[in-house]
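User: I would like to go through this model with you, one region at a time. Could we begin with a loop residue and then move on to the sheets and helices?
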Amino acid sequence: MTNPTQIPAPAQVTAVVVDRDERTARLGDVNVARENLRYDEPADDDISTLASTIKAAGLLQRLTVRPGRGKKEAAWMALDGRRRLLALGLLLEAGVIDDNYPVIIVVEIDPARQAAAVLLTNTAVPVHIADVIAAIGRMLKSKLTIDVIAKALGYAEVEIRRLAALSALPSVSLEALKAGRLTLKQAKLLARLPDKTEQADLAEAAMAGHGFQDWRILERLDESRVTIRDRRCALVDPVAYGGAGGRTVTDLFGELAPVLLDPDILTDLWTERVRGIAAVFEAEGVTVHVTAGPEPELPKDLEALGYVYGGQLPAEDMERYRAQREAFNERAEAVRTALADTDSANLADLAIVDMIRARITADQTGCGGRAVTTLMLWPASGTGVDIRCYTPEEPQADEEVALEDAPGRSPPPPAYRPPETEAPEPETEGVNHALHAVRTDVATRGLIRALADDPRVALTSLIARLFTVLVLRTLVARSDSALTILASGFNPTGGRVIASLDGEVYERIDERRAAWQASGETVIAWVHALAHGDKMGLLAELTAISLDLREERTSLIRRRARAEAAELAELCHADITLHWTPDAGFLQPHSKALLLGMLETMGAEDERAKSLKKNELVDWVAEQAAARSWSPPGLSWSNPADADIDVESGDGDSDAEEERADDRAGIFVVTTSGEAALESAVA
């Protein structure tokens, strides 16, 4: 006996009992209704078997019909029973029966029950989703309304509206969907295009096997669309936008982000709020430019401030600058937290003011105490505003003396003059040039042998030379140095220092420079006195900043340099994600197709991402990459066999098959073969 405490009692469901109108009709008065899911399909191979069964046992299952409409339809139109009518047609052609053959029918008058008869009675045999969409379209043409169809099937109207929108596509679109040339997601993209001709052209191209480029349609849709993921929305919540008369449209299919139809209102609200923040600094005499669009033209005598590295400041100022950068990062995180609480707008504004002050303080220290006179503020997704500080350009040499005591800036640090070891004077009395050359030639070869026999001193000389060339940037010329080793630090035009990567290395080297200056020794003496661990660490840092694997063009691939990089990366177990994941600066030059490919590669594919504008998508990819500690495989300098993924084209049979398997159309479940069934029936 079953324990009643283990199995819950079934819910009480009230049975719906409807008297069915059964009649007997002539075979000649019955035809297939256009609403039938397989109205225009040809007879399958099993129809003859079904005909033999009907001939032997009669028609055991009744046909569900509706009354015919107009002169073009028969007296009774079958909503369910197309195959049975085809089998009867074979018997009619063979002369086994005639038009007067009696057929038992069930007549449905109520429109809702007619709709239910079309779909619910066909779930026993797999139905392709394209057939379901076409059937919904035929129902609408037969004057059945959305609400009637929804009530008949017991689902929300929005689900039927989605299928109805797809039924309005050109017929070739549904043909391509059924043939597997289009996925359901791609059919939805077509439905969003306003031009019917363009819909048909794209569907015909897909049907012909030319593929379907989703990203091109998404770019078309993005051209004039602003969504709730716009960077301005960080400071403008939906309530404020709606209260100002802003209109919002949600996606019918529930896949794309809601669209803001009044971007001007969004800009006005963002600008108004940021103007209030800017007024705090304008009252202090700072010029503030607020822009949500193109950057305004600024006076040519202004210099933009940015990241400082590589010993551009005295040691104390550099330490203070780094501490202030950390303070700025903490203030930025406080702003993100404050903006998450939409009920505390005033607190968020105060946090933004503190963040801007921290940025000004850090940048002023980074430029040697020069005063920040101009700010530029524009939208940012996380902190509401992004900040750039400007200061007047440095005066010319003849003006520096007059401005040394100018208020608002500290005097420049004194130039450091390193000590020099006394060197023996050469004997030149009575020595001609040729003899001098011979002497110095032999002396050089003697020191070569001595250094070769003492690796410890040779290591000292190598590190000292690299330190002089790469860090002090002096004694580069052959005539000014004993060693002829030349090297250059990696600092290409248009590049940027990444704080957690090369920025960290430059900070270490800057600390080494400060230690050398504090020692009061020559470079060689200071390096030679270092502990072996410190000496090897300095060598690693100097070697690292001399790396240059940049390639300016895709046609200028440095194969040999890449091979060396791959070998070095394997030896030192390089993993860029230990210190960095893709940020906005790295992602911005990528196309939308490549960004979407990154999401797919990292396993963060989301249908909503396709609806984002470029800037929004950049922020989304950066966020997902940080959450997963992921970076593109191409940044690792390794060559794994499974990394050959074409993220630009996005084409692939396996991907398309998975996409078709995951497609859903409202109440319908789509199987891997493209067949559709009602969720209730599958469950």
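User: Leaving aside its neighbours within four places in sequence, which residues is Ser631 in contact with?

Analyst: This is a predicted model. In it, Ser631 touches Ile576, Thr577 and Pro582, once the neighbours within four places in sequence are set aside.

User: Where is the place of Ser631?

Analyst: Ser631 sits in the loop that links α24 (614–628) and α25 (653–662).

User: Does Ser631 count as buried or exposed?

Analyst: Ser631 counts as buried, because its relative accessibility is 11% and the cut-off for burial is under 20%.

User: What about Ser629: which loop does that residue lie in?

Analyst: Ser629 belongs to the loop between α24 and α25. Its relative accessible area is 46%, so Ser629 is partly exposed.

User: What is phi of Ser629?

Analyst: The phi of Ser629 is near 50 degrees, which is a positive value in a residue other than glycine.

User: Let us change topic to the sheets. In what order do the four strands of the open sheet come?

Analyst: The order is β10-β12-β13-β11, and the pairing in this open sheet is mixed. From one strand to the next, the twist averages 30 degrees.

User: In which sense do β11 and β13 pair?

Analyst: Strand β11 pairs with β13 (residues 384–392) in the antiparallel sense, over three bridges. Within that pairing, Leu302 is opposite Pro392 of β13.

User: Which strands does helix α12 touch on the sheet?

Analyst: Helix α12 (residues 263–282) packs on the sheet and touches β10, β12 (374–380) and β13. The direction of α12 makes about 170 degrees with that of β10.

User: And which strands does helix α14 touch?

Analyst: Helix α14 (residues 345–366) also packs on the sheet, where it touches β12 and β13. Its direction makes about 30 degrees with that of β13.

User: How many bridges join β8 to β9?

Analyst: Two bridges join β8 to β9 (residues 259–260), and these strands run antiparallel. Val249 has Val259 in β9 as its bridge partner.

User: Now the helices. At what angle do the axes of α18 and α20 cross?

Analyst: The axes of α18 (residues 502–519) and α20 (residues 532–545) cross at roughly 130 degrees and come within 10 Å. That angle makes α18 oblique to α20. The crossing of these two helices is left-handed.

User: Which residues of α18 and α20 meet there?

Analyst: From α18, the residues are Val505, Tyr506, Arg508, Ile509 and Arg512. They meet Asp534, Gly537, Leu538, Glu541, Leu542 and Ile545 in α20. The residues of this contact divide into six nonpolar, one polar and four charged.

User: To finish, how many helices and strands does the protein have?

Analyst: The protein has 26 helices and 16 strands. Of its 683 residues, 38% count as buried. Among contacts with a separation of 6 or more, residues 24 or more positions apart account for 69%.

Notes
Residues are numbered from 1 along each chain as its sequence is written. This is a predicted model: local features need pLDDT of at least 70, side-chain atom pairs count only at pLDDT 80 or more; totals for chains, interfaces and linings use all residues. Side-chain values use heavy atoms; hydrogens and water are left out. Two strands pair if DSSP finds at least two bridges between them. Axes are lines fitted to C-alpha atoms, for helices over the stretch in contact, and angles run from 0 to 180 degrees between N-to-C directions. Contact means heavy atoms within 4.5 Å. Angles under 35 degrees count as roughly parallel, over 145 as roughly antiparallel, 65 to 115 as roughly perpendicular and the rest as oblique. A crossing is left-handed if the near helix is turned anticlockwise from the far one by less than a right angle, and right-handed if clockwise. Ala, Val, Leu, Ile, Met, Phe, Trp, Tyr, Cys and Pro count as nonpolar, Asp, Glu, Lys and Arg as charged, and the others, Gly among them, as polar. Buried means under 20% relative accessible area, exposed over 50%, partly exposed in between (1.4 Å probe, protein chains only).
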